[in-house]
Amino acid sequence: MKKLVFATNNAHKLEEVRAVVGNKFEILSLKEIGCHEDIDEPGETLQENALIKARYVKEKYGYDCFGDDTGLEVEALDGAPGVYSARYAGGDHDSVANMQKLLKELNGAINRKAHFRTVIALIMDGEEHLFEGKINGSIIEEQRGATGFGYDPVFMPDGYNHTFAELGSEVKNNVSHRALAVKALCEFLEKIE
């Protein structure tokens, strides 16, 4: 079975990706290859950050790998928080504080349209490839639901009456931005096997 390293320390992301990939490929975590560093993400775009993480693992550990970056882009906030989604309320990746800041900034806003976008950068056989997944939706006015992570309790995808945090992982893992990007990655990998 083909092994790929997913350049993340985020257990939620790892679980989501493994659920989408299933048994097609073995996905190794950074921890499983002995990488305990927190890879800095100084890029100004999702693509840059995804590539930074993948290149770091390839250069330091030699594995074929992929990195990702995800951003919530809100129309009324000119695309913010975007690349800064995980650190929107400060540098400590506090999801509750990030959601509170977002809801405060959207207080009274009529336009609550938003989308999640994930970019995956794959480095394999010395070549770099990019894959993207995007899902449109809106930011609701209060947090709802107990599953998921990040902005899931306030993001309602188009076509649903529930937030990602209410839909549960099985539904989310089929329709989310990350699922779409991972499916594109899997389709590519299956073609070159």
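Two strands pair if DSSP finds at least two bridges between them. Helices (H or I, at least four residues) and strands (E, at least two) are themselves DSSP runs, numbered from the N terminus. Keep both terms at hand for this tour.

The model is predicted: local features need pLDDT of at least 70, side-chain atom pairs count only at pLDDT 80 or more, and totals for chains, interfaces and linings use all residues. Residues are numbered from 1 along each chain as its sequence is written, and side-chain values use heavy atoms, with hydrogens and water left out.

**Stop 1: the hairpin**

Select residues 113-124, strand β5, and residues 127-139, strand β6. They pair in the antiparallel sense over 12 bridges. Pick Phe-116 and look across to Ile-135 in β6, which stands opposite. β5 and β6 form a hairpin with two residues between them.

Now select Asp-125, in the loop between β5 and β6. Its phi is positive, about 55°, although Asp-125 is not a glycine. Is Asp-125 buried or exposed? Buried means under 20% relative accessible area, exposed over 50%, and partly exposed in between (1.4 Å probe, protein chains only). Asp-125 has a relative accessible area of 61%, so it is exposed.

Follow β6 to its other partner. Strand β7 covers residues 155-157, and three bridges join β6 to it. These two strands run antiparallel. Select Ser-138 and find Met-156 in β7 opposite.

**Stop 2**

Select Asp-78, in the loop between β3 and β4. Here phi is near 55°, a positive value in a residue other than glycine. Asp-78 counts as exposed because its relative accessible area is 77%.

Move on to Ala-80 and Pro-81. The peptide bond from Ala-80 to Pro-81 is cis, with omega near 0°. Pro-81 is found in strand β4, residues 81-82.

**Stop 3: Leu-4 and the cysteines**

Select Leu-4 in strand β1, residues 3-6. Leu-4 has 1% relative accessibility, so it counts as buried. Show its contacts, meaning heavy atoms within 4.5 Å. Leaving aside neighbours within four places in sequence, Leu-4 touches residues including Glu-26, Ile-27, Leu-28, Cys-65 and Leu-189. Draw a distance from the C-alpha atom of Leu-4 to that of Ser-29: the two are separated by 8.8 Å and lie 25 residues apart along the chain.

Now go to Cys-65, one of the contacts of Leu-4. A disulfide is a pair of cysteine sulfur atoms within 2.5 Å. How many does a search of the whole structure find? It finds zero disulfides. For Cys-35, the nearest cysteine sulfur is that of Cys-65, 10 Å away. Cys-35 is buried, with a relative accessible area of 0%. Cys-65 is buried too, with a relative accessible area of 0%.

**Stop 4: the largest pocket**

Rolling a probe the size of a water molecule over the atoms shows where empty space is left. On a 1 Å grid over the protein atoms alone, a pocket is an open set of points where a 1.4 Å probe fits, with protein on both sides within 12 Å along at least five of seven lines; lining residues have an atom within 4 Å of a point.

The largest pocket has a volume of about 730 Å³. Of its 29 lining residues, Asn-10, Lys-13, Glu-41, Ala-86 and His-93 are the closest to its centre. Colour α1, β3 (65-74), α3 (95-105) and α6 (177-192): each supplies at least two residues of this lining.

Zoom in on Lys-13, in helix α1, residues 11-21. Lys-13 counts as buried because its relative accessibility is 11%. Leaving aside neighbours within four places in sequence, its contacts are Phe-6, Thr-8, Lys-53, Asp-68, Phe-149 and Arg-178.

**Stop 5: the second largest pocket**

About 160 Å³ of space lies in the second largest pocket. The elements that give two or more residues to its lining are α1 and α5 (169-175). Which element gives the largest share? It is α1, with four residues. Among the lining residues, select His-12, Glu-15, Phe-149, Phe-164 and Lys-172. Phe-149 is also a contact of Lys-13, which takes you back to Stop 4.

How values were computed. Grid points are joined across faces, edges and corners, and a volume is the space filled by probe spheres set on the points.
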